[in-house]
Amino acid sequence: MTNLTAQMQHPGETGDMASPADKGRRKFLVAAGWSLMGASMAGTAFAAYKYLFPPVLYEPPTVFKIGHVSIYGLGVDERWKLKGRFWVVRNMRGIYNMISICRHLGCTPNWFPDQKRFRCPCHGSIYDAHGNVRGGPAPRTLWRGQITRDPLDGELIVNTVIRLDPDPVQTPQGLWVKEKVKEVTPFYIEHSAPAGASCASNRLLC
Amino acid sequence: MDEKVTREIFPRDSRKSYGLVELMKKTAPIVKKEPEDTVYVWPNLLMIEIICAILVTVGLMVLIQFEHAPLRSLADPSTTPNPMRAPWYFLGLQELLVYFDPWYAGVVLPGMIIVGLMLFPYLDVNPKGVGYYTYSERKFAVFNYSFGFAIWWITIIIGTYLRGLDWQWYWPWSNHLEHMNPALVTLVPLHLIFVNWFHVSEGVGKLFGDIIFIGYFALGTIIPMIVWKPMYKAMGLWRYLTFSFFFLSMMGVALKIVLRLLFNIKYVLVTPWINI
Amino acid sequence: MLQKIKNEIVESQIFKSVFRHGYPDNDLDRAYAIFSSVFLHIHPVKVRRSALRMRYTFCLGGITLFLFIILAVTGIWLMFYYTPYTGLAYRNIKDLQFVIFGGNLMRDLHRFAAHGMVLFVWLHMTRVFLTGAYKAPREFNWVVGVVLLVNTLVLSWTGYLLPWDQLAYWAVTVGAKMASYTPLIGQNGPWGPQLGFLPTNDIMFMLLGGTVVGQNALIRFYVLHCVVLPLVVTVFLAVHFWRIRKDGFSGPL
């Protein structure tokens, strides 16, 4: 009677019924079963993860033909902000562009010509005309987009996906990257200053 | 039809004596008490629930006579509204993002708040104060909850009333329509202050910052361990360490906000990978 | 006369087949009314008189549940007119606001019930905290409650992308960008770039289905807001209530 109860409670584990070889086989089959189940679960998880990454994107354009250098005056030009989300900046040595995406959390900063600052309305990051961080929580300087000259007609082409992002240095004035590091091809095009321009109005443009 | 059977499930009978007996592990909470004084859910509780539901509906209906769901202009990636204010329940988070780097304020800190809240019942070893409002029997627990709650609500209030254009600090009496000049003092990481004061190299300055940061956690853990020994004994090592980590982090958030607002300090801990 | 009609209804075969008990005007039927109903049997048949005291619970959990029900109902009504397409979503909301009969009512109710739900989840949590109702044996139910709180917040966050207005766009841009700062798995997070995460393969891309907030993000948030998260909340609510019944009410004895 007791034997029968034991057998009912633990079928297969009642000593003499199963030989050691049987036991080993069972152990193996259980392990194999669980491994197979684990593997298929992992495979399913991976497939689900893959499924969430679309291989084709339909996103707004990122390459813009912005015309000749001569149409841009000294300083920050906002005409491409609405269409392309970048500013064109011309200084005494040449021309470059900065992506108008705050490096903190991606809002669009506003340009204040009187303060000579970009200021973000989301968390109060402040950048100067070079994109250096002058205040607020931004952890890096503004991106500069690729700028090249069209070999056919000499117009400028901006690509906002290819971006320059050097590591900044912490200074008492904020996060800083030297202009020399940022004024490199293909993110900068050298050009003579517009006629009659002087950098007396803005020291930063010299 | 009127001869309907009406009977209670346990009819009281004066000729019999009753006893409710139950075996429990631990010390029984119900000792020398009368059998529980219970009532039927139908209609007692259901009526309360229906009344609550009606009151909520009426309240909502009255509210939407005065206030409508907002709808701003069409989404436009090139222009961010100024200032961009999140809904009130996320304003605390938005305000914290001003004081900390996004990886901390946006990801790690909310994660720690959630995990910390989840762990609360496992860290609170005080068996008293179940089932009634009490402050005197569990002062420390109530203090902790209230402190976290206060940070949350104070940051919400700052975000709602004290932040204006360009997310700048505006007092209620200042002109909210005028762009303020950014503060002349920029935010400085702590190690640069040490460099200025003590004329040490930047590396040494960073080391000071690291020592302050680690020292805060180390001393904050060890001192209460010695001073409030009974508390430590009651909690046990691991529970105490977990609690101390969350407690000091919470206090650290408040400290950092004060440091930022009063002394314009951007980071205390500066490493090549993370800054806090 | 009325009594007679009532009796006719209550004693009819149809009524009996549905409810299986008489009108709950006696204790037996009151018990039946609760435990033979799929909706009411989240209640016990009897509760302690002290558990009904409003100054203990303030009915905060119940109000939260009721607001969730309002949200589900008004949400379904709104879905009849809403298209999760960037070119239409905003216009649909404008239609709801100005053209469709009751559209504004549904939208207002949905919005303020959502505000209310966040508020009452917090209040309920505070009440549970202050009465020590999270202590053993109810620790796990507190954890479930925190999960529900987080879900409530995520639900409101996913909800405000849907109107496709400025608040929607920027709140979600900021929120998604925050995800990109996740340590180890975000393009901007500590050790994220070192582990090979780029704008095209990190957690933010997975959330938005793209590198910027666009059509893929809208449809993702729509599915999360209307299907996935409500389902998750419902499941956890079931666990939450089940545990209240199993662990017992914490109130005064």
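This is a predicted model: local features need pLDDT of at least 70, side-chain atom pairs count only at pLDDT 80 or more; totals for chains, interfaces and linings use all residues.
Student: What share of the contacts in chain B with a separation of 6 or more comes from residues 24 or more positions apart?
Tutor: A contact here needs C-beta atoms within 7 Å. Among the contacts in chain B with a separation of 6 or more, residues 24 or more positions apart account for 57%.

Student: Which residues of chain B does the UniProt annotation "transmembrane region" cover, and how far apart are the end C-alpha atoms of residues 142-162?
Tutor: According to the unreviewed UniProt entry, the annotation covers residues 39-64, 103-122, 142-162, 182-200, 207-228 and 240-259 of chain B. In the model, residues 103-122 of chain B are 100% helix and 0% strand, with end C-alpha atoms 27 Å apart. Residues 142-162 of chain B are also 100% helix and 0% strand. For residues 142-162, the distance between the end C-alpha atoms is 28 Å.

Student: Which element of chain B gives the largest share of the side that touches chain C?
Tutor: The contact involves 65 residues of chain B and 67 residues of chain C. On the chain B side, β1 (38-40), α1 (41-66), α3 (102-123) and α4 (139-162) each supply at least two residues. The largest share is 12 residues, and the element that supplies them is α1(B).

Student: How many residues of the side of chain B that touches chain C are nonpolar?
Tutor: The classes on this side of chain B include nine polar and 11 charged residues. The nonpolar count is 45.

Student: Which residue of chain C stands opposite B:V39?
Tutor: β1(B) and strand β1 (residues 46-48) of chain C run antiparallel and are joined by three bridges. Within β1(C), the residue opposite B:V39 is C:V47.

Student: How many residues of chain A are in the contact with chain C?
Tutor: Chain C brings 15 residues to this contact. The chain A side has eight nonpolar, one polar and one charged residues. The number of residues taken from chain A is 10.

Student: How far apart are the centres of domain 1 and domain 2 of chain A?
Tutor: Chain A has four helices and 13 strands, and 31% of its 206 residues count as buried. It is divided into domain 1 (2-51) and domain 2 (63-194). Taken over C-alpha atoms, the centres of the two domains of chain A are separated by 63 Å.

Student: Which residues of chain B are in contact with A:P172?
Tutor: A:P60 is 112 residues from A:P172 in sequence, and their C-alpha atoms are 39 Å apart. With neighbours within four places in sequence left aside, the contacts of A:P172 are B:V188 and B:L192.

Methods: Residues are numbered from 1 along each chain as its sequence is written. Chains are lettered from A and ligands numbered from 1 in the order in which they are written. Two residues are in contact if their C-beta atoms, placed from the backbone, lie within 7 Å. Ala, Val, Leu, Ile, Met, Phe, Trp, Tyr, Cys and Pro count as nonpolar, Asp, Glu, Lys and Arg as charged, and the others, Gly among them, as polar. Two strands pair if DSSP finds at least two bridges between them. A residue is buried if 20 or more other C-beta atoms lie within 10 Å of its own, exposed if 12 or fewer, and partly exposed in between; C-beta atoms are placed from the backbone. UniProt positions are given in the numbering used here, feature names are shortened, and annotations may be inferred rather than shown by experiment. Domain bounds come from an automatic or database domain assignment.
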